[in-house]
Amino acid sequence: MNDSLAGVRILVTGGSRGIGRATAISLASAGARVAFGYHGDDAAAAVTLADVRVHDASACSIEADVAKEAEAVGMVQRAIEGLGGLDVVVNNAGILHEEGLLETSVDAFDTVIAVNLRGTFVVGREAIRHMVQQGSGRVINIASDLGYLGRERNSAYCASKAGIGAMTRAWALEFAPQILVNAIAPGPVDTDMLGAEVMSEAQRQKESAIPLGRIGRPEEIANMVTFLAGPQATFITGQTYGVNGGSVML
């Protein structure tokens, strides 16, 4: 435990499981005041909240569907009210839809875009609206290495994550120098969405070719989030960091 983020007010979306859960805990352990959003799984949110409160007794969870604009806007507002402001937002909420292009319906495509890309847009817009008035802030968006690589049967997901990378650069240009905007593009991470137990055999073979020879752990992505939120990342904006074991090298 350290105090590098002492008093920093942070909202993490998709915080009840996986990368979001690890991120909320990591940020709180560094001294941040944390609110996290979640959708649907009250039990998982309660477990995460208890673990975050080990480090931040004032932490709170907020139920919201980021695919619905009113709920996403309301979540940001509730976080601002509960935390007394907002210094950092981590746009982590996301879903995966694996299906061949010819079988993918417009509704399925729109659902992935609504959560992954439009959700990031709305939450980021509302957080930045507050940060502009405040005169400072940071945005950290969670993209994916598949935004670069592409993958068969994942066109909607790949498109949504590539869009997050582009949006990150646009925001970084628009709101510099007061607001720093960066992204992280994880490789496959051991979560219930992308972990080894849900991978097809073909996917497992691809992941075995990662130079570091394994998939990542949620804590390894959380560590990068904590760095980008902290005092050592003051001259970084518009960047996408590949925490991916070497699956993409740029």
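In which helix is Tyr148 found? Tyr148 sits in helix α5, residues 146-149 (helices are DSSP runs of H or I with at least four residues, strands are E runs of at least two, and both are numbered from the N terminus). The model is predicted, so local features need pLDDT of at least 70 and side-chain atom pairs count only at pLDDT 80 or more, while totals for chains, interfaces and linings use all residues. Residues are numbered from 1 along each chain as its sequence is written, and side-chain values use heavy atoms, with hydrogens and water left out.

Tyr148 counts as partly exposed because its relative accessibility is 41% (buried means under 20% relative accessible area, exposed over 50%, partly exposed in between, with a 1.4 Å probe and protein chains only). Arg153, in the loop between α5 and α6, is also partly exposed, at 43%. Its phi is near 70°, a positive value in a residue other than glycine. Most residues other than glycine have a negative phi, and most peptide bonds are trans. A cis bond turns up between Ala176 and Pro177, with omega about 5°; Pro177 lies in the loop between α6 (155-175) and β6 (179-184).

On to the inside. The largest nonpolar core has 33 residues, and Leu11, Met75, Leu86, Val89, Val123, Met131 and Val139 touch the most other members (a core is a set of buried Ala, Val, Leu, Ile, Met, Phe, Trp, Tyr and Cys residues joined through side-chain atoms within 4.5 Å). Helix α4 gives the most to this core, with nine residues. A second, separate core of 30 residues includes Ile10, Tyr38, Ile184 and Ala233.
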